[in-house]
Amino acid sequence: MEQKQQQQLIPTPMLSEEMPLTPVQSSSITRRNSQKRQSLTGLKFLNELLDDYDHDNYSLSEPVSPKAEHEQPFALILQDELAFEQVGADRISEFQEDEFVKQALAKGMDLREYAHYIESELDIVGQDHEDDYIHQSQAFVDLHGQIKSCDEILETMENLLSIFQNDLGNISAEIQTLQTKSVSMSIQLKNRMTVENHLNCLLEGILVTPQLIRRIYDGEVDDTWLAALADLNSKMHHAKSRQGRHIRALKEVGPELERLRIKSVEKIREFLLTKIKSFRIPNTNVQIMQHSVLLKYKELNQFVMERHSDVATEIRQTYANTLRWYFSNQFEHYALGLERLQYVMGDKYEMLCTDESARKGLFGTTKILHQKANVFAVSNRLDTLRNNDAGLILIHVANEKNMKYPYEALFRSFNLALIDNASSEYLFLIEYFSKIPQPDVEGIQSVFAQIFEPTLKLGLANVKEYADSSYDAIGILLCLRINHQLANELERRRIPTLDKYRDAIHMVLWPRFQVVVDMHIDSVRKAKTRIKPKNVHPHWIARRYGEFASSLLLLHDEQTDVMPRLALLRLETSSLFEVMSKTFPDTKSRLIFLINTFDLVLTLLSDVRTPGVEVENEHWKTVLHQSIALFVEEELDPYFGDLISFIKMVNISGGVSKVSLEHFERASYNFTNSWRQALLAINTSVIQHFSSFKNGTLVLHQVLGQLIVHYTRFNAMLDEKLQQLQALAVTNVNGVTTSTRGWSHQPVGVQTVMVEVKKFRSNFLP
């Protein structure tokens, strides 16, 4: 029964070749083998522990009998004196942790009996293993055979792998060899391709194909022929760049390239000269021909300039001569057409102080030498200068509408057409006749000068003719300003070729302008002895001067400084007005004439807003205010002369204390009786003599204001006199009058006079 329990604790399955193991049986066998290993471990540990104990207790004692040896361990186990302290702590820990030992101790079993039990179990297990091994011996034999077969196969595989490794080594060496050869071949290929490229360039550069020869010799000059010319030019460049090398092919192809060059130059010359000569056909638009033909085939001229300088010079000279004739002819016809549209502005009889009577003919009739116009006022003539977008004058349109223009409009139209054509032509010359990449500016300017020389002479001659015969200072000054505008436009376009022409025009017009202004000044000087005003109203010379000065100031700028001449003219004219005023018999009329004249000049200058007008206005305002101040005293004298003389007498005598009260009474009486009638008379006089509302209002205000100043001063003196008399009355002086109660009239108050004056101040308001 005990043995059966032991077998249940440690079952030992029997392996059999006839029966294959199921998964359950395999797991059971695995558990039993693990339990057997644990039992062996526990048994081994227990025996070692007991042997250590026996050795420690009995190694020094006497030998005992076998019976004692057999019985002693069990007795020792049962005794309480068993000292486990002598056993090492690590050994005890291992002992206690063993699973079977724990079970034995838990059941209270004797350790030696348990050890013998375990030994017996081990014997059984060992026997089972031996039986299993004997039973499985054939399987081990088969396994051994299989292992041996596997060893043989693995050995064969090892041999194959060794051979494969050797083959791989040989292949690697061959690959390295091939790689070296490939690099070498790649270098050779690159070198050959480089040589091939150079050789291709050389061959393409010098190879003259039959197609190229036929196209150059037999083809018409068009886009296809132009491409062939470019190919030929490229080949000539290649041949020239390798000229120093000893290449046999170059020596053979050289004569053929030379023949092609000569033939190409010949055809280009014929083509370009034909096109250039076509410019002489009437109504030909040169600019369209330049862009559609010459610039389209610009490479033809570039080839000739590079390959045959003599033919290039001939083409350029032919072009210059043709365009010289073309522009000269066109502008000559245009100038003649413009001349027919001109009406003359001014002559030598239309100076600032020249009277119309000087224009009388032999039989007393007026000689009409030109269309009548105001030569002193710029008026709408200034539009020619301000309207920069105005186009050219079309002669056929102007003739159909029977239109006439002043010279400055014709001058602008001619020169605007000139600079437009010159700008276009200069840019064309730069683009067409310049060698790539750097343009020959000096050579281009030389060709330009040759083309436009007669045209520029024509324009300058027209200006000289006009300047020599013109007495129109405003027109000359307008031409100067237009000339400066066109010069600025040329500078903006960066066209330097007309600078001398613009300077020459300035040198013609500016001296003539100064001469004409000097003639006006001289006419003013001469007028001092022969011109007399007919009435006190503004003289026609004042109107002419105001318009003329306003026009000069409007056209004044840094290049045309008119201020020195205008200052001299202003002084002479102001002096003339003073001389003319002295022809009047009375001072009042003289002052009225000057005031009206100066006011008209200032009125005409009031619309000018240019620099320099302040000096002009300041002069005329000064002389106007001086004349008004003198007129005020002159106007008050007939009506309030006694009052003004009395005030002056009091100031001269040394104060009111020196004047008796009777004198004050007499002066006050005269003023009281006549002041209202005097205001009416003054108002009527101003209305009669000053036709300008603004000027008349100013003069009237000045007169009435000065009257109030005088009368206020008189009242202040009267009050001071009365205060002195009152002071004397305090000292009991008998017979001294201290007030105006005893007068035959009552003095008029200042406020009363001011109220009445205000009624007249609005008479000239518009």
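Mentor: Let's start with a definition: helices (H or I, at least four residues) and strands (E, at least two) are DSSP runs, numbered from the N terminus. L566, for example, is found in helix 21, residues 563-581.

Trainee: What should I know about the model itself?

Mentor: This is a predicted model, in which local features need pLDDT of at least 70 and side-chain atom pairs count only at pLDDT 80 or more, while totals for chains, interfaces and linings use all residues. Residues are numbered from 1 along each chain as its sequence is written, and side-chain values use heavy atoms, with hydrogens and water left out.

Trainee: How many helices and strands does the chain have?

Mentor: There are 26 helices and zero strands.

Trainee: What makes L566 a buried residue?

Mentor: Buried means under 20% relative accessible area, exposed means over 50%, and partly exposed is in between (1.4 Å probe, protein chains only). L566 has a relative accessible area of 0%, so it is buried. Leaving aside neighbours within four places in sequence, L566 is in contact (heavy atoms within 4.5 Å) with Y545, A549, L552, L553 and E616. L566 and L553 are 13 residues apart in sequence, and their C-alpha atoms are 8.7 Å apart in space.

Trainee: What makes N283 exposed?

Mentor: N283 has a relative accessible area of 83%, so it is exposed. N283 sits in the loop between helix 10 (248-277) and helix 11 (286-294), and its phi is near 60 degrees, a positive value in a residue other than glycine.

Trainee: Why is N402 called exposed?

Mentor: N402 is exposed because its relative accessible area is 61%. N402 lies in the loop between helix 15 (395-400) and helix 16, and has a positive phi of about 55 degrees although it is not a glycine.

Trainee: How much of the chain counts as buried?

Mentor: Of its 766 residues, 41% count as buried. In soluble globular proteins, nonpolar side chains tend to be buried together.

Trainee: What makes a group of residues a nonpolar core?

Mentor: A nonpolar core is a set of buried Ala, Val, Leu, Ile, Met, Phe, Trp, Tyr and Cys residues joined through side-chain atoms within 4.5 Å. The largest one here has 177 residues, and L300, Y319 and F513 have the most contacts inside it. Leaving aside neighbours within four places in sequence, Y319 is in contact with residues including I276, F279, L294, F428 and I451. A second, separate core of five residues includes A104, Y114, Y117 and I118.

Trainee: What makes a space a pocket?

Mentor: On a 1 Å grid over the protein atoms alone, a pocket is an open set of points where a 1.4 Å probe fits, with protein on both sides within 12 Å along at least five of seven lines; lining residues have an atom within 4 Å of a point. The largest pocket holds about 530 Å³ of space. Its lining has 26 residues, of which E339, Q342, Y407, N462 and Y466 lie nearest its centre.

Trainee: Which helix gives the largest share of that lining?

Mentor: Helix 17 does, with seven residues. Helix 13 (309-340), helix 16 (407-432) and helix 17 (441-469) each supply at least two.

Trainee: How do you know how far to trust the model?

Mentor: By pLDDT, the predictor's confidence in each residue, from 0 to 100. The mean pLDDT of the chain is 80, and 80% of residues reach 70 or more. Over residues 360-371 the pLDDT is below 50, and this stretch has 18 contacts in the model beyond near neighbours in sequence. Residues 732-736 are also below 50, with two such contacts. Where pLDDT is low, the predicted coordinates should not be read in detail.

How values were computed. Grid points are joined across faces, edges and corners, and a volume is the space filled by probe spheres set on the points.
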